[in-house]
Amino acid sequence: MNVAIKAVGFDLDDTLYDRNEIYASVYKVMQQTVLELPVSFSDFNEIYQLESIKWYQRFMSQECSEEDYQIQRVIDTYDHFGEKVRFADGKLFNDLYVYFKDSVKLRPFMKEMIQLVIDRDLDLFILTNGPSANQWHKIETLQLDRWFKPDRLFVSGDLGLTKPDRAIFDHLADQMGYESNELLYIGDHYVNDIKGAKEAGWQAIYFDCFNQGPLEEAVPTFQTEQQLYDYLHRRFP
């Protein structure tokens, strides 16, 4: 039996906006001013994102400080490629990230998708992993409060829980007053967003913007913003 969706949620990083645009700018400056690695941004970023996940989990488990999380992921990424960088270099990387993220903008069609959800009288929310200050700064920069109510903005750093832990999905369902199968979540990370949501009984859409597939289970999957928007328009006519 198909259950009517009552609320649609979005991940923030790499779903509503492209975080790689920021990191590409950071990497370019690091290459020019600190150390030129013989690897492409794509190869560097693949390892950096893995290190970010590892160190974020340590931060959330209170095994390290927020500063260590932000800087050690940089040091370990360079170490993966056989190069040593100083703590100060890791701090520069993070400072550059803070500088460039002020130019962040929504992906194409995201405003239209958000408005479509609103026009269909569906509840609208964001669930994002990350330290509180960082994520709220992005929310403010993107002016997401134009569409999302304050009590529908959920940041893992505020909750002490993190995706893909089922507890964070169950917490949101309780907070918003919905059954798990009445919630639809859209995200770009298969493990954190899609598996996490599905294991909590939510419905999910995989925005595979980096072509990471294949999937372990069948879920609606799209590689472009246009494809995702067209699907939502068909699903909620």
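The C-alpha centres of domain 1 and domain 2 lie 25 Å apart. Domain 1 covers 7-18 + 105-235 and domain 2 covers 19-101, with bounds from an automatic or database domain assignment. The model is predicted, so local features need pLDDT of at least 70, side-chain atom pairs need 80 or more, and totals for chains, interfaces and linings use all residues. Residues are numbered from 1 along each chain as its sequence is written, and side-chain values use heavy atoms, without hydrogens and water.

- The contact (heavy atoms within 4.5 Å) involves 20 residues of domain 1 and 14 residues of domain 2.
- About 1300 Å² is buried between domain 1 and domain 2, 48% of it on carbon and sulfur atoms; buried area is the accessible area (1.4 Å probe) that two parts lose on being put together, summed over both.
- D18, P131 and N134 of domain 1 lose the most area to domain 2, together 34% of what that side buries.
- Three salt bridges are counted between domain 1 and domain 2, a salt bridge being a side-chain nitrogen of Lys or Arg within 4 Å of a carboxyl oxygen of Asp or Glu.
- D13 and R19 form a salt bridge, with their closest N and O atoms 3.7 Å apart.

**Residue D193**

- D193 sits in helix α9 (residues 190-199); helices are DSSP runs of H or I, at least four residues, numbered from the N terminus.
- D193 counts as buried because its relative accessibility is 1%, where buried means under 20% relative accessible area (1.4 Å probe, protein chains only).
- Beyond neighbours within four places in sequence, D193 is in contact with D11, K163, F169, Y185, G187 and D188.

Key
Helix = DSSP H or I, 4+ residues; strand = E, 2+ residues; numbered from the N terminus. Buried < 20%, exposed > 50% of the residue type's maximum accessible area, 1.4 Å probe, protein only.
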